[in-house]
Amino acid sequence: MNKLTLYFRQALHMMKEERLFSGIYIAGTALAIAFTMVIAVVYYAKLADIEPEVHRSRTVYVTMNAYMREGVEHTVEEGGNYKLYAFSDTLIREWFYKMPCAEIAGCLTRMEDMGARKLYLRMEDGKKILPVAMRSVDANFFKIYHHKFVYGRPFTDAEGLLTGENAAPDVSIAIISLDVAEKLFGKGVNPVGKILNYYDSACLRIVGVIEPTSSIASESYGQLFFPCEYGDSRRMVVVLKKGYTIDDVRDFLKEKVHRLNMSDKKWEYDLQVCSHAQLMMSRGLDLSSWKDIFLALLPKVFVLLLVPALNLSGLVAARMKRRLPEMGVRKAFGAKKRELMHQIISENLVLTLCGGLVGLVITWLLLYVFRSWAFFALGNIPNQTVEPLVQGEMLFSPLIFLIAFLVCAVVNLMATLIPAWLSLRNPIVESMNQKK
Amino acid sequence: METIIKLTDINKVYRTEEIETQALENVNIEVEKGEFLSVMGPSGCGKSTLLNIMGLLDEPTSGTVELCGTTISHNLSDNQLAEFRNKTLGFVFQSFHLISSLNVIDNVQLPLLYRGIGYSERIRRAKEVIERVGLSHRMKHTPVQLSGGQCQRVAIARAIIGNPEIILADEPTGNLDSKMGADILGLLKQLNEEDGRTIVMVTHNEQQAQQTKRIIKFLDGRQIQ
C-alpha cells in the first residue's frame, strides 16, 4: 500500500467523521459538475457527430435569399419583395450533385419550416388521425443522415427528386418513423406497402420505416418524409470531401450565383453558406466545430464556477485550520510541504470523485426531468413542438464527462490549493498548538 | 562520552508589535549520547521552547544548535530540516498528537512513510514497535478508542519506529494518572537502558525526574541548575 492508498483511506475516514463538511463539499462539486455537464451535453447533442447526423463536422448548409431588384413591381403570387429561394431540380443537379468538393449533397425542407408543415394523417378506414412532423427530402438525405431502417428502404435516386415524368404522381411515396407506424398500425406490424391518407384526397404509400430519432438532431429529424418536389428544397446539405473546407463550397457557388444574377433582371440572389456549428449557434461566429464552441464556452463556465469555487475555498480554509495540529505533527515527523500538498490534493480528489458521480446522476435527472427546457432554452432547437428524445449517446459521452470533471477538478483544486498552501506555511509549533 | 546535543548561547525572543518576551536566555546545554535528561521548571520558564529548539521545530533567535555532530545552520531549507528530524529525532508530546483519522498502525508508521520505506517493511516495523509497547491487540483501533496511557504508548511507538538517536518527550506523563504515568516512564527508561537511546524529557514531576540520570532546572528562561 503506497502513500496514495493511505491518503485515500484517511480521506474516506474523514468523510465519515466530518459528514457536514464532506456533504457540503460533495454537493457543491456535484452541482458544479451537473451544471457544467448539462451545458456540455446540450452543446454536444447539438454539435457533435452523433447518430444520425454523423457527418456534422464536415457538413455545410446552403440556402439562398432572393430580393426583388429596385424599381420592379412584385405580383400578388410573388407575395413580397423577398423570398427564401427554393432550388430548382436543375440547380440541385448542376450545382450540388456535381460539386467537386462534395462527397455527397442532398436537399431538404428546413427544420424552421416544419412547425408550419405538420401533417394530419388519416388511416384508410378513417378512424385514426395523427399529427406528424413532415419533411421533403431527396434520396441522398438518407445517405447523409444515418437513419436506421426497421422495414423497407430509402428513396431511390429516381424517387427522391420528383421532376419531369415522376412529378406529382397519383400516389406519392413516404418513409415514416416507427413511433408513427406503431400508432397507426400497432406494434410489430410491417406497414410497408400500406396507404396513408391526408387532406382527404391525397394518398401516401409507405416504402420504409425508420427508427425514431431525436428532434435535437434537428436537421435529420422527421416523422414522415416525402420526396422533394419543386418548391420544397429550401436548404441544401453538402458533406465535404476530406481536405476541403466551407470556403471551397463558397468559391464554387460564387461564380454560379453571379451568373444567375446576371441572367435574372427581376431578382437578385444572395447565397448563405454555413457549417453545422454556425447553423446551430450563430452565423456571425467563426466556429467550425463543437470543439471550437466548447473551448469558447470554457471561460464563461470558469467564471460561473468561480462562485462555488470561492465557497469551497472558504470551507477548505476552515477545515485546514482544524487540521493544523495534524499538519504540524506530520511536519515534525519529517513530512515535506510537497508531500502534505500531495496528501491534501489526494483527499480532495476523493471528494471530487464522489461529487463527480453524484453530479453525473444529477445531470441525468436534470436532463430527464427538464429536457424540454434544457434543450430548447439552452440549445435553441428550432422545432419546439416535439418533446426531445434524449438518447444514450447524448446523455453519456465519456469525453463530455471527462471534460466536465476536469473543469470541476481544476476549479476544486484551485479552491483547495490556496488555503492549503497558506495553512502549511504556519510554523510547526504554532500549528501543533492550534486548538482543534 | 560523545556529545549528541549541544546548545550554545541559545536565546529565544518572541516579539509582537507591543511586547517582547525573552523565552530563553543564554542557554548552554550539552547532552551525552545515551543520557536520560530531565528538564524541570515552572510553567512558562521556557522548557518546551528549549525542547522545540532541540527538536528543530523552532528556531532560536541566536545561538547554535548541534545535533549528532551536525551544526544546524540557518541556511538549511525546510525540506532538509524535515529530513534531519525524520532520521534523527523522535517526539513524544503531552497531548499525544496522534492523528485521529488514522488507526494505531497507520499512526505509528508515519515517520517511515516520509522516509520513503515500502509498505511491507513499514508494516513489519510498525508491528514490531507496537508489540514492544504492548498494544498488539489494538493495531486497528483509532485513537478515540484508546485510553490516555495507550495513546501515549502509541506515541512512543511512533517516536521509536524510525530508530532515532534522540527522543524528545514534552511532559509525556502530564495528561496521565500516576499509574499510567509510571508505566510510560518505565517504558522510556527501558528505551534508554536497553537501546541506549538519548532521551530529553520535560517534566513537572520531581519524583519522575529523580528517576532520570540528570536533571536541569529552568527559571524565567534561564538555566539555574
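How many helices and strands does chain A have? Chain A has 16 helices and 13 strands; helices are DSSP runs of H or I of at least four residues, strands are runs of E of at least two, and both are numbered from the N terminus.

Some conventions. This is a predicted model, in which local features need pLDDT of at least 70 and side-chain atom pairs count only at pLDDT 80 or more, while totals for chains, interfaces and linings use all residues. Residues are numbered from 1 along each chain as its sequence is written, and chains are lettered from A and ligands numbered from 1 in the order in which they are written.

Of the 436 residues of chain A, 41% count as buried, with 20 or more other C-beta atoms within 10 Å of their own, C-beta atoms being placed from the backbone.

Next, a helix pair. In chain A, α1 (residues 3–17) packs on α12 (residues 337–369) at about 55 degrees, the axes 9 Å apart. Axes are lines fitted to C-alpha atoms, for helices over the stretch in contact, and angles run from 0 to 180 degrees between N-to-C directions.

Now chain B. An open sheet of 6 strands there runs β6-β7-β8-β3-β9-β10, with mixed pairing; two strands pair if DSSP finds at least two bridges between them. β6 (89–93) and β10 (222–223) of chain B are at the edges with a single partner strand each, so one side of each lacks a neighbour in the sheet. Strands β7 (residues 166–170) and β8 (residues 198–202) of chain B run parallel, joined by 5 bridges, and B:Ala169 stands opposite B:Met201 in β8(B).

Methods
A residue is buried if 20 or more other C-beta atoms lie within 10 Å of its own, exposed if 12 or fewer, and partly exposed in between; C-beta atoms are placed from the backbone.
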